[in-house]
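Student: I have a structure open and want to learn how to read it. Where do we begin?

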Amino acid sequence: FRNFITNHRMYAKLVKMNNGKEYRMDVLKHELEELRRLNLQSGEEERLSEESRRLQKAARIHDRIQRASDLISNSEEKMDAMHNLQSAVHELRNLNGEDPEFGKVGDRCESIYFELEDVLYHLNSLIQHYDYDPGALENAENRLESIRKLTKKYGPSVDDVLGKQQEMEEEYSNFTSLDEYLAKMGREHKVLLAEYRSCA
């Protein structure tokens, strides 16, 4: 009787599971495709967050250096500091005949011009040092966004999501062999029921 009841309960559970199998397998298939497509790695969110922060910092520094450089000398604009200083030197040199002081001020402006040229060279070397790939930052941000959607849906951390994925893989695998297992349990059920009735 105990053998029959144990088998009967398991068999009834499997029959019930089999009734909702198609729907559950469709849900699992969709969710597993989503998880497999992203191919999560343990610790990836932390690495990407660090990479994103590094790239964002590099982008901020790069942009500010570039703006400073453009203010000093922008080839597209003819109203930058270098151009204006050259114009000032030219104007003051033209006034040198009127008063030698204009020439002295012009020399000072020219000295500032060469100093700015050196600053500009230094800024350009710093731009190279803080260069970054905007595509890499965009990729890191997009990947992080995808990971955060999955952690919100399946677990608070990547490791939780990976654990959930493993459970779902096992459940899906069990469903694929459910028909065979159900048939086997059905045969055992008939045998045990016959034995139980005979004994009764």
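**Reading the helices**

Tutor: Helix H7 has 19 residues and reaches 27 Å from its first C-alpha to its last, close to the 27 Å expected at 1.5 Å a residue. Keep in mind that this is a predicted model.

Student: Which residues of H7 are buried?

Tutor: Start with the general idea. An α-helix has 3.6 residues a turn, so residues three or four places apart point the same way. Now the case here. Val158, Val161, Gln165, Met168 and Phe175 are the buried residues of H7. They sit on the same side of H7, because their arc around the axis is only 90°.

Student: What does the face turned away from the buried side of H7 carry?

Tutor: The exposed residues Glu167 and Asn174.

Student: And what covers the buried residues of H7?

Tutor: The cover includes H1, H2, helix H3 (44-72), H6 and H8.

Student: Let me try H2. What span should its 18 residues have?

Tutor: At 1.5 Å a residue, 26 Å. The end C-alpha atoms of H2 are 26 Å apart, which agrees. Buried in H2 are Lys21, Met25, Leu28, Glu31, Leu32, Leu35 and Leu38. Their arc around the axis is only 150°, so they lie on the same side of H2. The face of H2 turned away from that side carries exposed Glu22, Tyr23, Asp26, His30 and Arg37.

Student: Which helices do the buried residues of H2 pack against?

Tutor: Helix H1 (2-19), H6, H7 and H8.

**Reading the cores**

Student: How do I read a nonpolar core?

Tutor: In soluble globular proteins, nonpolar side chains tend to be buried together. In this model the largest nonpolar core has 20 residues. Those with the most contacts inside it are Leu35, Leu40, Ile147, Leu150, Tyr154 and Met168. Two or more residues each come from helix H2 (21-38), helix H6 (134-154), helix H7 (158-176) and helix H8 (178-199). Apart from this core lies another, of 12 residues, among them Ile65, Met82, Cys109 and Tyr113.

Student: What does Leu35 touch, beyond residues up to four places away in sequence?

Tutor: Leu35 touches Leu40, Leu150, Tyr154, Val161, Gln165 and Met168.

**Reading the charges**

Student: Which residue does Arg24 meet in a salt bridge?

Tutor: Glu171, at 2.9 Å, N to O. Glu171 lies in helix H7 and Arg24 in helix H2, so the pair ties together parts that are 147 residues apart in sequence. Glu171 is partly exposed, at 28% relative accessibility. Arg24 is partly exposed too, at 27%.

Student: Lys21 is listed as buried in H2. What does it pair with?

Tutor: Lys21 forms a salt bridge with Asp179, with the closest N and O atoms 3.0 Å apart. This pair links distant parts of the chain: Lys21 is in helix H2 and Asp179 in helix H8, 158 residues apart. Lys21 has a relative accessible area of 7%. Asp179 has 44% and is partly exposed.

Student: How many salt bridges does a search of the whole structure find?

Tutor: It finds 11. Lys104 and Glu101 meet in a salt bridge at 3.3 Å, N to O. Both lie in helix H5, three residues apart, about one turn of the helix. Elsewhere, salt bridges that share partners join Arg93, Asp107 and Glu110 into one network.

**Reading the loops**

Student: What should I check in a loop?

Tutor: Asn39 follows H2 and is found in the loop between H2 and H3. Its phi is positive, about 50°, although Asn39 is not a glycine. Asn39 counts as partly exposed, at 48% relative accessibility.

Student: And where is Tyr130 placed?

Tutor: Tyr130 is in the loop between helix H5 (100-129) and H6. It is partly exposed, with a relative accessible area of 30%. Leaving aside neighbours within four places in sequence, Tyr130 is in contact with Ala58, Ile61, His62 and Ile65.

Technical notes: Residues numbered from 1 in each chain as written. Predicted model: local features only at pLDDT ≥ 70, side-chain atom pairs only at ≥ 80, totals over all residues. Heavy atoms only, no water. Core = buried A, V, L, I, M, F, W, Y, C linked by side-chain atoms within 4.5 Å. Buried < 20%, exposed > 50% of the residue type's maximum accessible area, 1.4 Å probe, protein only. Helix = DSSP H or I, 4+ residues; strand = E, 2+ residues; numbered from the N terminus. Contact = heavy atoms within 4.5 Å. Expected span 1.5 Å × (residues − 1). Arc of directions from axis to C-beta. Salt bridge = Lys/Arg side-chain N within 4 Å of Asp/Glu carboxyl O.
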